Every structure is written in structure tokens, then in C-alpha cells.
Amino acid sequence: MGLRTKLRKFFYRKKFQPKNINLEIYNQNILITGANSGLGLALTNELLKLNNKVYATFKKNNDNLSKINNENLILIKCDQSSDQEFKKLEDNILSTKLNLIFNCAGILGPSVQNIKEFTFEEMNNVMMVNSYSILEIIKIILNQNHPLQALVNISSEGGSIGLNDDALYYMYRTSKSSLNSITKSLSIILQKEKKGICFAVDPGNMKSGMNPGGFLEASDCAKNILQILSENDHSLNGKFIDLLKKEIPW
Ligand SMILES: NC(=O)c1ccc[n+]([C@@H]2O[C@H](COP(=O)([O-])OP(=O)(O)OC[C@H]3O[C@@H](n4cnc5c(N)ncnc54)[C@H](OP(=O)(O)O)[C@@H]3O)[C@@H](O)[C@H]2O)c1
């Protein structure tokens, strides 16, 4: 790593280092999607420590989740790229009352996203996992009448249309812009039906399977997101923010 990158990393980490953390999320029933790795796994660990019950979904492998020995952890297989997979989720949450959802599942899509090689199949897959699947999940939540207080959609600055200056990963960008638009609609629906909130948050440049060179630890991003939620700030409803609650342009 060159000196310039080292310095960038140092200042970036300093900016987003969790400060004044006072987490106030206890005894809740929480759904976390994409929970076997990265941010989803970090949120799962933090929320279990706070004595919450976590319904953790995974695509296929649950190797990381299955190492956690905690009776408050319920594992549910749900590949969000397939509309056939949501029935299991529906059945597994029927007998609980979910209060919170962290929607972390996400993919970058093909490693090379050259418009000259565009395929509907690849695009549909990215859209389904990163964006449309939350609609199916919320349909289940509303039909089962869960007392949902908050839905946190893990978005990305890459979904900002205003900040797009390179068109790289246009499939990913489009899916996160779509997720942002869905967030806005769901913020209105959840406010009306549940007096709940829904917002989109960019976890920042975070080290994970998706971004191995990321600057922030997933556990620090998780703490920042949980702190935001702990503040019970209803003015965040329908917003697209970073880890410091600063609004990101749509
Ligand atoms: N890392 C960053 O710098 C960064 C920046 C901005 C936004 N984000 C967003 O943060 C969220 C978490 O990503 P991460 O960085 O923590 O990466 P990650 O470790 O790759 O987490 C993504 C999770 O989504 C799951 N997933 C993928 N396809 C799925 C499917 N078809 N059905 C269900 N789950 C599926 C993955 O499961 P498998 O591992 O089994 O495939 C994985 O557990 C994503 O929404 C990502 O877009 C990340």
C-alpha cells in the first residue's frame, strides 16, 4: 500500500470511527438478510450481544453463522435471486413479531460490466438480490402484520445518481438507485401503516468479501448503524444517509 493510500485510509477510518456509542436495541425480534458475512454478520453478532432474537438469512452457505452458539439465533435459507425461496422465510417468521429489519444482502454483479456485453439475465439477478427482493419481504411482513418499527436498507453511494461520474458497475449502481427509490416509497407506507421508519444507509468503504481492500471494519460500520438506529430519530424516515447521518444526494 502506497503512502497516499495509507494516509487516505487513516483519515477515512478516523472520520468514521464509532464515537459515543450507546446502543439501545434490546429484546427485539430482528430480521437480517445476507447475514453469513460482512456487514450482515457483524450486525448479527452485535445484536445477539444485546440480547435480541435474530432471524438471519443466508443464500447457500451458513458456515459463519453456524459457528455462533446462541439460542437467540435462527438461521433461514433464502436465496433472494429466486422467487421460490421466500416461502421458507414466510413460514419461519410466522410465529414471531418482527420489530426491525436490516436488509444487507447484496452483490456487485459481473466483475466486468461492459455495456457492450449486457445481458438481461445478469441484470435481472442483480436487481432481484439488491432491490426487488425487499418488496417481497415487506409484502410478507405487512400481510403477517408484524409490528415493524424500522427497516434499514443497506444501500451504497454507488446508487447516487447525482454522484455518478464514472458509470463503472452500472448494474450495481442501477440496483442501488432502485433500492433507494423503493426505500422512499416504503418510508411512506411504513409510516402510515406502522408508524415505523425506513431509510437507506451507505456503510462506506468497508472491508468485506465484496470489497476486500475496504478501509473500515464491518464491526465498526455495524456499530455506527446501530447507533443511528438507537437514537430513534424519526426525521431519518425516507432519507439516504452515510454513517455520520449526512444526507447523500439521490
Ligand atoms: N463493502 C463495501 O464497501 C460496501 C459499500 C457500499 C455498500 N455495501 C453494501 O453492503 C451490503 C453488505 O455487503 P458486504 O460488503 O458486507 O459484502 P458481503 O460480505 O459479500 O455481504 C453480502 C451478503 O449478501 C449475500 N447474498 C449474495 N447474494 C445473495 C442472494 N442471492 N440471496 C441472499 N443473500 C445473498 C451474501 O451471501 P454469500 O456470501 O453466500 O453470497 C453475503 O452474505 C451489500 O448490500 C453491499 O452492496 C458494501
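Figure 1. Asp242 is partly exposed, because 17 other C-beta atoms lie within 10 Å. By definition, a residue is buried if 20 or more other C-beta atoms lie within 10 Å of its own, exposed if 12 or fewer, and partly exposed in between, with C-beta atoms placed from the backbone. The structure is a predicted model, in which local features need pLDDT of at least 70, side-chain atom pairs count only at pLDDT 80 or more, and totals for chains, interfaces and linings use all residues. Residues are numbered from 1 along each chain as its sequence is written. Leaving aside neighbours within four places in sequence, Asp242 is in contact with Asp202, Gly204 and Ile248; two residues are in contact if their C-beta atoms, placed from the backbone, lie within 7 Å. Asp242 and Ile225 are separated by 17 residues in sequence and by 9.2 Å in space, C-alpha to C-alpha.

Figure 2. Helices (H or I, at least four residues) and strands (E, at least two) are DSSP runs numbered from the N terminus, and two strands pair if DSSP finds at least two bridges between them. Strand 6 pairs with strand 7 in the parallel sense over 2 bridges, and Val201 stands opposite Ile241 in strand 7.

**Figure 3. Strand 1 and its pairing with strand 2.** Strand 1 is mostly covered, with 4 of its 5 residues buried. Strand 1 and strand 2 run parallel and are joined by 4 bridges. Tyr55 in strand 2 is the bridge partner of Leu31.

**Figure 4. Strand 5 (residues 150-154) and its burial.** Strand 5 is largely enclosed by the rest of the structure, because 5 of its 5 residues are buried. In a regular strand the side chains alternate between the two faces of the sheet. Both faces of strand 5 are covered: Ala150, Val152 and Ile154 are buried on one side, and Leu151 and Asn153 are buried on the other. Strand 4 (residues 100-103) runs parallel to strand 5 and is joined to it by 4 bridges. Asn103 stands opposite Asn153 in strand 5.

**Figure 5. The crossing of helix 2 (residues 38-49) and helix 6 (residues 218-230).** The axes of these two helices come within 8 Å and cross at roughly 60°. Helix 2 is therefore oblique to helix 6. Axes are lines fitted to C-alpha atoms, for helices over the stretch in contact, and angles run from 0 to 180 degrees between N-to-C directions. Angles under 35 degrees count as roughly parallel, over 145 as roughly antiparallel, 65 to 115 as roughly perpendicular and the rest as oblique. The crossing of helix 2 and helix 6 is right-handed, a term used if the near helix is turned clockwise from the far one by less than a right angle. Gly38, Leu39, Ala42, Leu43 and Glu46 of helix 2 make the contact with Ala218, Ser219, Cys221, Ala222, Lys223 and Leu226 of helix 6. The residues of this contact comprise 7 nonpolar, 2 polar and 2 charged. Here Ala, Val, Leu, Ile, Met, Phe, Trp, Tyr, Cys and Pro count as nonpolar, Asp, Glu, Lys and Arg as charged, and the others, Gly among them, as polar.

**Figure 6. Helix 4 (residues 120-143) against helix 5.** The axes of helix 4 and helix 5 come within 8 Å and cross at roughly 10°. The two helices are therefore roughly parallel to each other. The residues of helix 4 that meet helix 5 include Met123, Val126, Met127, Ile134 and Leu135, and those of helix 5 include Tyr172, Leu179, Ile182 and Leu186. By class, this contact has 12 nonpolar, 4 polar and 3 charged residues.

**Figure 7. Positive phi at Lys195 and Asn232.** Lys195 lies in the loop between helix 5 (170-194) and strand 6 (197-201). Although Lys195 is not a glycine, its phi is positive, at about 55°. Lys195 counts as exposed, because it has 11 C-beta neighbours inside 10 Å. Asn232 lies in the loop between helix 6 and strand 7 (240-241). The phi of Asn232, also a residue other than glycine, is positive and near 50°. With 12 C-beta neighbours inside 10 Å, Asn232 counts as exposed.
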